[in-house]
Amino acid sequence: MSGKPRFLAPGENTWQEDKADIDAHVSTQFVYNANHSLALDLQRKRLPIYKVRSHIIYLLEKFQTLVLVGETGCGKSTQIPQELMEISENSSTLS
């Protein structure tokens, strides 16, 4: 097999894996949470996205589409949905 990926044709159900591409000495990388001993609200406040959350919420209210770009572990996919849930819960209790 060459270095290029091979896509299966419709109806083809065999999977071939090139064993030469697998390196048993490469370790998996992950992001370590150095703040795991802190309370959750304090961990949240230490995430990079926390500092700009009000700007993000403003942009989400003003524009139909928003693309967030940030480092792995900055809180893009966890904190923004939580902020939106908190806002929707607070606005429903105010009405």
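The count comes to one cavity of 30 Å³ or more. A cavity is a set of points, on a 1 Å grid over the protein atoms alone, where a 1.4 Å probe fits but cannot get out. A pocket is an open set with protein on both sides within 12 Å along at least five of seven lines, and lining residues have an atom within 4 Å of a point. The model is predicted: local features need pLDDT of at least 70 and side-chain atom pairs pLDDT 80 or more, while totals for chains, interfaces and linings use all residues. Residues are numbered from 1 along each chain as its sequence is written, and side-chain values use heavy atoms, without hydrogens and water.

A volume is the space filled by probe spheres set on the points, which are joined across faces, edges and corners.

The largest cavity is lined by Arg44, Ile49, Tyr50, Arg53, Gln79, Ile80 and Glu83. Helix 3 (residues 76–94) gives the largest share of this lining, three residues. Helices are DSSP runs (H or I, at least four residues), numbered from the N terminus.

Around the largest pocket there are 19 lining residues, and Asn33, Leu47, Gly73, Thr78 and Gln79 lie nearest its centre. Helix 3 gives the largest share here, five residues.

Terms used
Helix = DSSP H or I, 4+ residues; strand = E, 2+ residues; numbered from the N terminus.
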